[in-house]
Amino acid sequence: MTQHHVVIIGSGFGGLFAAKALKKSNVKITMIAETSHHLFQPLLYQVATGILSAGEISPATREVLHRQRNVEILLGTVEDIDVEAKIVHWSSLNRKRQTSYDTVIVAAGAGQSYFGNDHFATYAPGMKTIDDALELRARIFSAFELAEIEEDPAEIEKLLTFVVVGAGPTGVEMAGQIRELADKTLRGEYRNFDPSNARVILADGVDLPLSQFGEKLGNRTKTALEKLGVEVRTGTLVTEIDEHSVTMRAKDGSEEVVPCACKVWAAGVQGNPLGKNLTDQVGAEVDRAGRVLVNDDLTLPGRDDVFVVGDLMSYKNVPGVAQGAIQSARFVADLIDARVSGREPKRTVFEYKDKGSMATISKFEAVVSIGKLKLSGFIAWMAWLFLHLLHIAGFKNQLATLVRWFVSFMSNNRSARNITNQQMLGRLALQKLDKDEFDEIMSSVHNVQDETSESKNIDEGGAES
Ligand SMILES: Cc1cc2nc3c(=O)[nH]c(=O)nc-3n(C[C@H](O)[C@H](O)[C@H](O)COP(=O)(O)OP(=O)(O)OC[C@H]3O[C@@H](n4cnc5c(N)ncnc54)[C@H](O)[C@@H]3O)c2cc1C
């Protein structure tokens, strides 16, 4: 009898934890993900601001799972999941493939939403991937480099003004880090300007930063950010972004155009397009953020062989956080194992257990909210440090991160400050290529030819048929 074949799409928290939870099951797993690594998104801001190197928060998935013999890992982008035929269509560097499944777990996550203003993306990169973090790092550090050679005071002021949009954990962490970088790390390194004059503005329409942490911690965060020198503009909507400036509208309707070179977008998420791909086929729905409205057992309505987990699922009020992805992945893995082995599942309805939220504001300053328990300051920062370290995949990466943190927190030095033109320009340059130019470049890499007309089958064990 052939083994039950589970295809997992994505190698984030949802995908990885689903695969791990199926380790002892009598299933064959194929994980297809468009990145070769498992990314620890909560520390992306440290890559963007030069504390950590990309590799420390994104170990190769192959390495993480190399001892788990029932998993095969394939690098590729899934374009379509044909739920009737039970086939996943995907491609890897222009090579088209299709893989059939008995059960599919879709853990493709969410991307950035610009709330209908997609042109903002050109000037204000989001922060979801390693590419995003490296692009932001290049934009942040190059602003200081350009300020060193600029003579016009207005231009210098523009280069030294950083606007972060979105006062959730990512925005707060970015704003705090850019100020610390300017004030402490870069102190005394430039000859023609004082980096500590850098202006960091954190803008959001909500009334308090970290509003989801409650009023007390929101106020504490605002005070701590202001002490660092961040201008907190809550109750403020960003209405336009271009290469030179950000336009903000306050609650009283007044508008201000702030000249600035470097902008960071940390507001809004949009479910991966694969969500809509699924719901369109079965007449189900996605929510306003493009996430799939799933059944109580996290299946796609009408299909008990298609599960959606993590950031791509919309279920009750489960937040888009790592625990949401981990718990949903484990729940689904248990259901699949139960089906395959003929036992009763532990639970048939998914229940999310809120283990709390935390965010750092600056060195030694964080906020933690676990039910009624609200912590801030150094204790919260230690809790944040410990829990984040614990969740980084792989002992080697945990150790490397610990060493980096120790050096960086003790000395204010940051060892991952290297920037390249590729980081800064790669995304926008790729967008400018037409299909022929793109194919020409692809064929020069591993002689990859366009295979749009043909599609090969990979059913079991990676064998093509
Ligand atoms: C900057 C940032 C900071 C965060 N901080 C925190 C925090 O402090 N605490 C917390 O709990 N949570 C935090 N989160 C949220 C947390 O990281 C997410 O909730 C979690 O990563 C969701 O896991 P996921 O597996 O659903 O999606 P992801 O981790 O996004 O993984 C999606 C996977 O799908 C793959 N993929 C996407 N499209 C395709 C495709 N078409 N074909 C193949 N593969 C595809 C991707 O390559 C990736 O491997 C943060 C998120 C961000 C962006």
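## Basis of the model

Residue numbers start from 1 along each chain, in the order in which its sequence is written. Because the model is predicted, local features need pLDDT of at least 70 and side-chain atom pairs count only at pLDDT 80 or more, while totals for chains, interfaces and linings use all residues.

## Domains and ligand position

The protein comprises domain 1 (4–34 + 76–112 + 270–341) and domain 2 (118–266), with bounds from an automatic or database domain assignment. Taken over C-alpha atoms, their centres are 35 Å apart. The ligand lies between the two domains, because both give residues to the shell around it.

## Ligand shell

Around the ligand there are 34 residues, of which Gly10, Gly12, Gly14, Gly109 and Gly310 come nearest; a residue is near if its C-beta atom, placed from the backbone, lies within 6 Å of the molecule. Two or more shell residues come from each of α1 (13–21), β2 (27–33), β4 (77–82), α7 (169–185) and α10 (322–341). Helices (H or I, at least four residues) and strands (E, at least two) are DSSP runs, numbered from the N terminus. The largest share, four residues, is that of α10.

By class, the shell holds 16 nonpolar, 15 polar and three charged residues. Ala, Val, Leu, Ile, Met, Phe, Trp, Tyr, Cys and Pro count as nonpolar, Asp, Glu, Lys and Arg as charged, and the others, Gly among them, as polar.

## Three-stranded sheet

An open antiparallel sheet has the strand order β12-β13-β14, where pairing requires at least two DSSP bridges between two strands. β12 (236–241) and β14 (255–259) are edge strands with a single partner each, so one side of each has no neighbour in the sheet.

Antiparallel β12 and β13 (residues 245–250) are joined by five bridges, and Glu240 stands opposite Thr247 in β13.
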